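Keep the 3D view open as you read.

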Amino acid sequence: MNIAIIILAAGSSSRMDHQPKQLIQWEGRTLLRRVVDTALDTTFRPVVVVLGAHKKQIASELDGLPVTIIDNQHWQQGLATSVKTGLAAVYLTQKDIDAVLFLLTDQPHVDSGLLQQLVQVYKESGKGIVAASYAGSLGVPALFDRKYIHELLSLEGDAGAKKVIMNHPDDCVDVHFALGSIDLDTRQDVAHFLGPQSGEQ
């Protein structure tokens, strides 16, 4: 199977006083480098990274890595633009894909084992969507069969992959991922997650 990975990293970190959360250091790596390394630890290709608001600051984190980097020049118009930009980059790299996996940079506990599990459940369940479940909800990381690409491309504004998940409950299966509830949206989130080392940020 040809599974593509799209890492959405174009946001401005507006709730972090616009300090890019992609560059938060944890266990010796930035969150961006961590999620990219996780993607590259799988056999799924291409790996596409969508940059935007802080491209100049964070692009060097990807130097020398076998990923496709694409600039979302319309990131201010909402998350949907990053979804579309990432899908366009996948198509330019590999037109024949079976499914696409979406990842974010601010879920530090995502690992390659979880990504492998999402794909395995996709193969075995016959469902078109496999989503992580945490905090009483479904969300990313999430995998979508190619039949949903058109719907993903039709998203607008701040609507992201979760909207498509919610539109198709009968064609969705979940993979439990309790640590998915840990994301880093605010300075308080980061301070709580990093603990004593947060003073270094």
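Helix α3 (residues 79-93) lies across β1, β4 (47-51), β5 and β6, and runs at about 145° to β1. Helices (H or I, at least four residues) and strands (E, at least two) are DSSP runs, numbered from the N terminus. Angles, from 0 to 180 degrees, are taken between N-to-C directions of lines fitted to C-alpha atoms, for helices over the stretch in contact; contact means heavy atoms within 4.5 Å. Helix α4 (residues 112-125) packs on the sheet too, touching β1, β6, β7 (129-134), β8 (137-145) and β9.

This is a predicted model, where local features need pLDDT of at least 70, side-chain atom pairs count only at pLDDT 80 or more, and totals for chains, interfaces and linings use all residues. Residues are numbered from 1 along each chain as its sequence is written, and side-chain values use heavy atoms, leaving out hydrogens and water.

How many aromatic pairs does a search of the whole structure find? There are two. Rings of Phe, Tyr and Trp (its six-membered ring) pair if their centres lie within 6.5 Å; planes under 30 degrees apart count as stacked, over 60 as edge-to-face and the rest as tilted.

| Pair | Centre to centre | Angle between planes |
|---|---|---|
| Phenylalanine 102 and phenylalanine 144 | 5.9 Å | 75° |
| Tyrosine 134 and phenylalanine 177 | 6.4 Å | 90° |

Phenylalanine 102 lies in strand β6 and phenylalanine 144 in strand β8, so their pair ties together parts 42 residues apart in sequence. Phenylalanine 102 is buried (under 20% relative accessible area; exposed is over 50%, partly exposed in between; 1.4 Å probe, protein chains only), at 1%.
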